Amino acid sequence: PHTFHGNRRQALEATAKMSAIIDHLGQLSAIAQKLNIPITTAQKLRKSDNQIVYLMADLGEFNSGRSDEVVGLLKIGMKDLYLFDELGQSRKVDNAPCILDFYVHDKRQRSGLGNKLFQTMLSEEKWEPVKCSVDRPSEKLLGFLKKHYGLERVIPQANHFVLYDGFFEQDKANEQPNVMTRSRRMLMANRYL
Ligand code: ACO
C-alpha cells in the first residue's frame with residue numbers, strides 16, 4: 001500500500017502477507033462465482049498496469065487473530081474497450097473504468113459492507129457508478145447495482161461487459177468521464193463495521 005512505511009525486511013513481510021490475503025480473497029471470490037481460475041491473484045496484480053485492489057478489513061477481527069479478518073475485495077481497472085453506444089454505434093473507449101472483481105465474505109453479505117467498500121472506491125477514484133463498465137457481473141452484483149445506484153437499463157454489448165444508460169453522456173465539468181487518479185495502488189479500507 002502507498003501508505004506503508006518500514007524497512008526492507010518489513011516491506012518483504014508485508015508484501016508476503018498482502019499477497020496471501022489477496023490470493024485468499026481472490027480464491028473465495030472465484031468459488032462464489034463458480035469460476036475455475038481466480039480473476040484476482042497477487043501475481044496477476046503485480047503484472048498488470050492500471051489495476052487497483054481495495055481490501056476491507058475488520059480490525060476487531062484482526063486484533064483477535066482470526067483468519068477471516070479481511071472481509072472484502074474490490075478490484076478495478078482501466079481498459080481500452082470497443083463498445084456499442086445507445087444508438088448501437090460501435091465506439092472505442094480508451095481507459096474505460098471497469099469493475100473487475102468484487103467479493104464480500106459469504107457470512108457478511110447483505111449487511112451493507114459491499115456498499116461501503118464500493119463507496120470508498122468511488123470516492124477515492126472520483127468515479128460515478130453509471131460511468132463504470134462491469135466485467136461479467138453476477139446476479140448478485142446486478143442486484144447490488146440496482147439497489148444502491150438505481151442502475152438497471154443496460155446498453156446491449158457484444159462482449160461480456162455490462163454498461164448502463166448514461167455511460168456515454170458527457171460530464172459537463174470534465175470531458176473525460178472517469179479518470180483513475182493514480183496508476184496502481186492498493187488501499188486498505190479499514191474498519192467499516
Ligand atoms: N442474492 C441476491 N442479491 C444479493 C445477494 C444474494 N445472495 N447478496 C447481495 N445481493 C445484492 C442485493 O441487491 C442486496 O440487497 P438486498 O439484501 O436488499 O436484496 C445487496 O446486494 C446488498 O448490498 P450490500 O450488503 O451492500 O452488498 P454485499 O456486502 O452483499 O456485497 C457482493 C455485494 C460483493 C456482490 C456480494 O454479494 C458477493 O460477494 N457476492 C458473491 C460474489 C459475486 O457475485 N461478486 C460479483 C462478481 S461479478 C464482478 O465482480 C465484476
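Predicted model: local features only at pLDDT ≥ 70, side-chain atom pairs only at ≥ 80, totals over all residues.
Local features were considered at pLDDT of at least 70 and side-chain atom pairs only at pLDDT 80 or more, whereas totals for chains, interfaces and linings use all residues. Residues are numbered from 1 along each chain as its sequence is written, and side-chain values use heavy atoms, with hydrogens and water left out.

The largest nonpolar core comprises 26 residues. A nonpolar core is here a set of buried Ala, Val, Leu, Ile, Met, Phe, Trp, Tyr and Cys residues joined through side-chain atoms within 4.5 Å; buried denotes under 20% relative accessible area, exposed over 50%, and partly exposed the range in between (1.4 Å probe, protein chains only). The residues with the most contacts inside this core are L74, I76, I99, F118, M121, W127 and L145. At least two core residues come from each of β1 (51-57), β2 (70-84), β3 (90-104), α4 (113-125), α5 (139-149) and β6 (161-164). Helices (H or I, at least four residues) and strands (E, at least two) are DSSP runs numbered from the N terminus. The largest contribution to the core, five residues, is that of α4. With neighbours within four places in sequence left aside, F118 is in contact (heavy atoms within 4.5 Å) with L74, I99, F102, F144, L145 and Y149.

The expected span is 1.5 Å times one less than the number of residues. Buried positions in α4 are L113, G114, N115, L117, F118, T120, M121, L122 and E125. K126, which follows α4, has a positive phi near 55°.

Around the ligand there are 26 residues, of which F102, R110, G112, S138 and K147 come nearest; a residue is counted if one of its heavy atoms lies within 4 Å. A backbone N or O atom of F144 lies 3.4 Å from an oxygen atom of the ligand. Taken alone, the ligand exposes 960 Å², and the protein buries 85% of that area (Shrake-Rupley method, 1.4 Å probe; for residues, only the protein chains shown count as cover).

Helix α1 spans residues 8-32 and contains A14. Its 25 residues should span 36 Å at 1.5 Å a residue, which agrees with the 36 Å between its end C-alpha atoms. N7 caps the N-terminal end of α1, with a side-chain oxygen 3.1 Å from the backbone nitrogen of R9. Buried residues of α1 are M18, S19, I21, I22, L25, G26, S29 and A30. A14 is partly exposed, with a relative accessible area of 22%. Just after α1, K34 takes a positive phi of about 60°.

Q157 is located in the loop between β5 (154-155) and β6. Q157 is classed as buried because its relative accessible area is 17%. A polar atom of the Q157 side chain lies 2.8 Å from the backbone nitrogen of F84, and a polar side-chain atom of Q157 lies 3.1 Å from the backbone oxygen of I155. Apart from neighbours within four places in sequence, Q157 is in contact with L83, F84 and L163.

Note on methods: Polar contact = N/O pair within 3.5 Å; in protein donor to acceptor, adjacent residues only side chain to side chain.
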